[in-house]
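Q: I have a new model open and would like to learn how to read it. Could we go through it feature by feature?
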Amino acid sequence: MTETNDPILAPVVALALWSRVVLFWMAAARGRAMRAAGISLSGRRGGRGQDLEGRIGEGAVWKAHNYTHLMEQPTLFYAVALALAVDGAGGGLHLVLA
């Protein structure tokens, strides 16, 4: 097994960590908003986050949209950055653009 120490992996890790921060931020905001709206998860099965739109505050919905975008949009970034790392071409201009 070969090891890679390509610098382009730093932005990949940074984006993954930022996604985790936004996940916890969204969960905390949704929890507060659901309590304020009198929504309990007790006995609930299934459901989707978008079902909460219009039932909880806009601030909590906005945070959820941010998290959704972090899960949807960077897919190509991850693929290209990891391909560049495997190829050993993750420095220079590629790193600056990442």
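This is a predicted model: local features need pLDDT of at least 70, side-chain atom pairs count only at pLDDT 80 or more; totals for chains, interfaces and linings use all residues.

Q: What do the buried residues of H1 pack against?
A: Their partners are H2, helix H3 (75-87) and helix H4 (92-97).

Q: How many residues does helix H1 have, and what span should they give?
A: Helix H1 covers residues 9-37, which is 29 residues, and at 1.5 Å a residue they should span 42 Å.

Q: What follows H1?
A: Gly38 does, and its phi is positive, near 75 degrees.

Q: Where does Trp62 lie, and why does Trp62 count as partly exposed?
A: Trp62 is in helix H2, residues 58-72. "Partly exposed" runs between the buried limit of 20% and the exposed limit of 50%, so Trp62, at 48% relative accessibility, counts as partly exposed. Trp62 and Ala29 are 33 residues apart in sequence, with their C-alpha atoms 9.8 Å apart in space. Ala29 is one of the buried residues of H1.

Q: What volume does the largest pocket have, and which residues are closest to its centre?
A: The volume is about 260 Å³. Of the 13 lining residues, Leu41, Gly46, Gly47, Arg48 and Leu52 are the closest to the centre of this pocket. By class, the lining has 6 charged, 4 nonpolar and 3 polar residues.

How values were computed. Residues are numbered from 1 along each chain as its sequence is written. Side-chain values use heavy atoms; hydrogens and water are left out. On a 1 Å grid over the protein atoms alone, a cavity is a set of points where a 1.4 Å probe fits but cannot get out, and a pocket is an open set with protein on both sides within 12 Å along at least five of seven lines; lining residues have an atom within 4 Å of a point. Grid points are joined across faces, edges and corners, and a volume is the space filled by probe spheres set on the points. Ala, Val, Leu, Ile, Met, Phe, Trp, Tyr, Cys and Pro count as nonpolar, Asp, Glu, Lys and Arg as charged, and the others, Gly among them, as polar. Helices (H or I, at least four residues) and strands (E, at least two) are DSSP runs, numbered from the N terminus. Buried means under 20% relative accessible area, exposed over 50%, partly exposed in between (1.4 Å probe, protein chains only). The expected span of a helix is 1.5 Å times one less than its number of residues. Contact means heavy atoms within 4.5 Å.
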